Amino acid sequence: MKSKGMLVNIGFKKGFSSRYALVFYLVSALISITIQFFLWKAVLVNKSEFQFRQTISYLVLMQFLTLIFPKSSYELNDDIKSGDIALSLLKPINLSAKFFWEGVGYSLAKIFVIGFVELVIYFLLVPHSIDLLSILMVVISIVLAYVLYFEMELILGTFSFYTYSIWGITTFKSAILLILAGNIFPVEYYPTFIRQLANMLPFQYSFGAVGLISQSPNIITFTRIVLVQLLYIVVFHFIYTAMFNRAVRSIVIQGG
């Protein structure tokens with residue numbers, strides 16, 4: 001427990017070491033929200049105020065998740081390219097645990113500087129009443145979505161053992177998320193086939209599914225989404241473990 005706290009603290013300090021970058025991120029986030037506000041105001045011109053506020057609050061929540069979710073694939077890639085992975089493997093703490101808890105600290109730093117503002121905007125825009133149970137359901141789904149996304153990042157990062165650069169892979173991942181995750185465009189506006197495909201694949205359960213719970217906070221929807229999130233978390237854990245163990249056995253450090 002002490003080592004986890006130390007790792008969270010390291011990640012937190014990393015976040016605030018680039019505090020000027022965080023300020024720029026905050027300005028960018030506010031500009032993005034403003035643009036989306038007027039864009040969707042035009043798109044939903046003939047729709048009700050409720051639907052407009054629901055869509056905008058959903059997109060603000062998605063922007064918040066995109067902000068706080070870890071980018072562990074890049075960190076693993078950097079460790080492999082620099083050769084630091086050899087030292088990391090010798091440490092007593094599991095490598096995935098190291099990236100996870102440092103990522104949590106870094107995410108907390110971004111929440112304090114940027115995420116808090118986005119959450120205030122979200123609560124101002126959300127069109128329906130919010131009770132404690134609804135907040136609890138959304139928080140639980142966000143935590144599970146965070147873990148699920150982290151495991152997807154680790155799987156992508158593991159390809160660095162073979163390619164030494166995952167720029168192309170992460171670009172492909174971003175394109176998939178753009179279409180199937182619902183973090184840029186609400187999945188409900190997609191054709192039926194894409195909506196059905198998104199419901200089967202894991203990407204939506206890190207983003208759009210959380211937005212669905214926030215829009216319709218009922219026990220049935222919450223239970224269904226959480227069960228799918230847990231299923232994918234377990235499956236991806238075994239996939240990552242198998243990939244990582246195989247990669248480590250044939251590790252080749254670039255440059256030495």
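Helices in this account are DSSP runs of at least four residues, numbered from the N terminus, and the model to which they belong is a predicted one.

In this predicted model, helix H2 (19-43), H3 and H6 each contribute at least two residues to the lining of the second largest pocket. The space within the second largest pocket comes to about 410 Å³, and of the 17 residues that line this pocket, Tyr 25, Gln 63, Thr 66, Leu 67 and Glu 118 are the closest to its centre. When the lining of the second largest pocket is divided by class, eight residues are nonpolar, six are polar and three are charged.

The largest pocket has a volume of about 470 Å³, and its lining is formed by 25 residues, among which Phe 64, Ile 68, Val 138, Val 139 and Ile 142 lie nearest the centre. Two or more residues of this lining come from each of the elements H3, H6, H7 and H11. By class, the lining of the largest pocket comprises 21 nonpolar and four polar residues, with no charged residue.

Helix H11, which spans residues 208-215, is mostly covered, since seven of its eight residues are buried. The buried residues of H11 are Gly 208, Ala 209, Val 210, Gly 211, Ile 213, Ser 214 and Gln 215, and they pack against four helices, namely H3 (49-68), H6 (95-125), H7 (132-158) and H12 (219-249).

Key: Residues numbered from 1 in each chain as written. Predicted model: local features only at pLDDT ≥ 70, side-chain atom pairs only at ≥ 80, totals over all residues. Heavy atoms only, no water. Buried < 20%, exposed > 50% of the residue type's maximum accessible area, 1.4 Å probe, protein only. Contact = heavy atoms within 4.5 Å. 1 Å grid on protein atoms, 1.4 Å probe; cavity = no way out; pocket = protein on both sides within 12 Å on 5 of 7 lines; lining within 4 Å. Points joined across faces, edges and corners; volume = space filled by probe spheres on them. Nonpolar A, V, L, I, M, F, W, Y, C, P; charged D, E, K, R; others polar.
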